[in-house]
Amino acid sequence: MIFQDIVDWKKAARAVARAARAGRDPALGTQLGEHLLREMPPPPGAIVGGVWPLPGEIDLRPLLGELFARGHRIALPVTTPRGHAMHFREWTPESVMVPGRFGTTHTEGADLVPDCILVPLLAFDRKGNRLGYGAGHYDRTLAGLPDAAAVGFGFACQEVPALQVEPTDRVLDAIVTEMELIRVGRE
């Protein structure tokens, strides 16, 4: 069955991607943020969706703090049950963080709809495809926010030559790592 083949392929690719990023310094998120702010800063007044880092992920917290200082409202996702889109709640540096599903963390702030979403990934290619964690949260969320800019983020070592994709996978508008910002755009 073709679908089962891609499911198996993605499962194996996730294991390889996790191994590739193992031991990388999450603090490289500071360099990642410098690339984004220099080369593709969110428009003034844009609401930016970010994430609180999971173990092994590059740390966006310095970038979120800088965006907040520049006047952006910051929204963090609330991870919903598998098969559902996420919603976002406002974060400020004073926000109390609470545990969510699958090891995530979010705030109890007001609901916000982001204009730009920083999308975590396990692997990416230069065509703007991403391999996520497998629950489909971002695919469903981005489908419900078609006008939001989607910027994937991760370590440069998470780049692969090509990813297998499904019709529900959205091409990212850009990818940012500690090494560079890659503009892709939608077809």
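**Entry 1, ground rules.** I worked on a predicted model, in which local features need pLDDT of at least 70 and side-chain atom pairs count only at pLDDT 80 or more, while totals for chains, interfaces and linings use all residues. Residues are numbered from 1 along each chain as its sequence is written, and side-chain values use heavy atoms, with hydrogens and water left out.

**Entry 2, aromatic rings.** I looked up ring pairs, taking rings of Phe, Tyr and Trp (its six-membered ring) as paired if their centres lie within 6.5 Å, with planes under 30 degrees apart counted as stacked, over 60 as edge-to-face and the rest as tilted. The count comes to two aromatic pairs. The ring centres of Trp52 and Trp91 are 5.9 Å apart and their planes stand at 50 degrees, so I logged this pair as tilted. Trp52 sits in the loop between strand 1 (47-49) and helix 3, and Trp91 in strand 3 (residues 87-91), so the pair ties together parts 39 residues apart in sequence; helices (H or I, at least four residues) and strands (E, at least two) are DSSP runs, numbered from the N terminus.

For accessibility I used buried for under 20% relative accessible area, exposed for over 50% and partly exposed in between (1.4 Å probe, protein chains only). Trp52 is partly exposed because its relative accessible area is 21%, whereas Trp91 is buried because its value is 7%. The other pair I noted, Phe68 with Trp91, is edge-to-face, at 6.2 Å centre to centre and 75 degrees between the planes. It links Phe68 in helix 3 to Trp91 in strand 3, 23 residues apart. Phe68, with a relative accessible area of 30%, is therefore partly exposed. I recorded Trp52, Phe68 and Trp91 as one aromatic cluster. I also found Arg61 over the face of Trp52, at 5.4 Å from the ring centre, the rule being NZ of Lys or CZ of Arg within 6 Å of the ring centre and within 35 degrees of the ring normal.

Within helix 2 (residues 29-39) I listed Gly29, Leu32, Gly33, His35, Leu36 and Leu37 as buried. Their cover includes helix 3 (61-69), strand 7 (116-120), strand 10 (149-153), strand 11 (174-176) and strand 12 (181-183).

On a 1 Å grid over the protein atoms alone, a cavity is a set of points where a 1.4 Å probe fits but cannot get out, a pocket is an open set with protein on both sides within 12 Å along at least five of seven lines, and lining residues have an atom within 4 Å of a point. I found one cavity of 30 Å³ or more, and the largest cavity has a volume of about 40 Å³. Its lining consists of Arg21, Glu57, Ile58, Pro120, Leu121, Tyr133, Phe153, Gly154 and Gln158.

The largest pocket has a volume of about 800 Å³. Of its 31 lining residues, Tyr133, Gly134, Ala135, Gly136 and His137 lie nearest its centre. Helix 1 (2-21), strand 9 (130-131) and helix 4 (137-144) are the elements that give two or more residues to this lining, and helix 4 gives the most, with five.

I placed Arg24 in the loop between helix 1 and helix 2. Beyond its neighbours within four places in sequence, Arg24 is in contact (heavy atoms within 4.5 Å) with Phe155 and Cys157. The C-alpha atoms of Arg24 and Cys157 are separated by 9.0 Å, although the two lie 133 residues apart along the chain.

Methods:
Grid points are joined across faces, edges and corners, and a volume is the space filled by probe spheres set on the points.
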